[in-house]
Amino acid sequence: MKHNITLIPGDGIGPEITSATVRIIEAAGVDVEWSTHILGAQAQEKYGTTLPDDAISSIRQNKVALKGPIMTPVGKGFTSVNVGLRKALDLYANVRPVKALPNVPCRYPELDLVIVRENTEGLYSGIEHVVVPGVVESLKVITEKASRRIVKYAFEFARDNGRRKVTAVHKANIMKLSDGLFLDLFYEVSKDFPDIEADDKIIDNCCMQLVMRPEQFDVLVMENLYGDILSDLCAGLIGGLGLAPGANIGEQGAVFEAVHGSAPDIAGQGIANPTAILMSGLMMLRHIGENDAAERAEKAMLAVFAEGKYLTRDLGGTTNTADFASAIIEKLRANETAAA
Ligand code: ATP
């Protein structure tokens, strides 16, 4: 079966890592008609907008996209394209698995947890204003509707994926109304999932516990900013940002992208680690029902890691992006020949 998928190569290291991933997906035998689009500064230059309609409608039509990172400069005049895209398509659930890989030096080789981040509101509401010169307000928006659906998503995800526990992460002791609402809804929704354990942690304690005893966690659900920060923290626990995949899921479609950004410091050198976007691509294959291809590609990737001969620089190796992808493709082919 042919799949129509929107491809957004993105900025910085984006084109290098997405093309490595596309090669591996195709080598796994998945038949894809890619429809390539640009977003962000590139689109601003060409179309006069950072979020062109044709890219958004392509994702709406195909219902699935593989996306490289889009750069968002810090400061005024440029609202985040990543956030804009999630809002435009109401991709409310950001799912970020955190799992160590063989042979990657890291603090917790056994770690296996999933962050479920609310993707549409919280401190990412984008509502900021100057009250008087020198005084600025940024509004954190928490709604019953968005909180209920992300919590429900987290419990359903736990149930569907054989997970045992969901932990709500919050700061309800200080933000009694906003985080308080989120926490109340969490325990209300948890009653519909008696087979899944439910507990909660205050965000600061959660950070310490993640560093000291991360094995106590399974699925963690939280509002937007906490999810942003904990995702990077957890990426650090398993060996770095090059290894952390993600999916943005909504009713209108799903966009698969790595947790990391455009890494301008190493862009264009062909040395970035494509593993995070590749693993996002594997999540995408499972999402579209290509489970067998995903299994085979993952097996080949894990074999390359286990062998330890081809590692990118961020992991202490010397292999470049394209050669790392080629090593995975060779393993894929070797596994197929062995099975034939
Ligand atoms: P952005 O503003 O787009 O989020 P950033 O530079 O703030 O970009 P990242 O792009 O996530 O944040 O990069 C943080 C650090 O991690 C950089 O030093 C970068 O080189 C490194 N890094 C990120 N992704 C990768 C990758 N795939 N392979 C190797 N190093 C990476």
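This is a predicted model: local features need pLDDT of at least 70, side-chain atom pairs count only at pLDDT 80 or more; totals for chains, interfaces and linings use all residues.
Let's start with the second largest pocket, which holds about 770 Å³ of space. Its lining is made up of 29 residues, and those closest to the centre are Pro97, Phe157, Asn161, Met283 and Arg286. If you follow the chain around this pocket, you will meet strands β4 (93-99), β5 (112-118) and β11 (247-249) along with helices α5 (144-160), α9 (275-287) and α10 (291-307), each giving at least two residues to the lining. Helix α9 supplies the largest share, with five residues.

What classes of residue make up the lining of the second largest pocket? There are 20 nonpolar residues in it, together with seven charged and two polar ones. Both domain 1 (1-105 + 241-340) and domain 2 (119-238) take part, with at least three lining residues coming from each.

Now for the backbone. Most residues other than glycine have a negative phi. With that in mind, have a look at lysine 63, whose phi is positive, near 70°. You will find lysine 63 in the loop between α3 (53-62) and β3 (64-67). Lysine 63 counts as partly exposed because its relative accessibility is 45%, between the 20% and 50% cut-offs.

Alanine 263 also has a positive phi, near 40°. Its place is the loop that runs between β12 (254-256) and α9, the helix that gives five residues to the pocket lining.

How values were computed. Residues are numbered from 1 along each chain as its sequence is written. Side-chain values use heavy atoms; hydrogens and water are left out. On a 1 Å grid over the protein atoms alone, a cavity is a set of points where a 1.4 Å probe fits but cannot get out, and a pocket is an open set with protein on both sides within 12 Å along at least five of seven lines; lining residues have an atom within 4 Å of a point. Grid points are joined across faces, edges and corners, and a volume is the space filled by probe spheres set on the points. Helices (H or I, at least four residues) and strands (E, at least two) are DSSP runs, numbered from the N terminus. Ala, Val, Leu, Ile, Met, Phe, Trp, Tyr, Cys and Pro count as nonpolar, Asp, Glu, Lys and Arg as charged, and the others, Gly among them, as polar. Domain bounds come from an automatic or database domain assignment. Buried means under 20% relative accessible area, exposed over 50%, partly exposed in between (1.4 Å probe, protein chains only).
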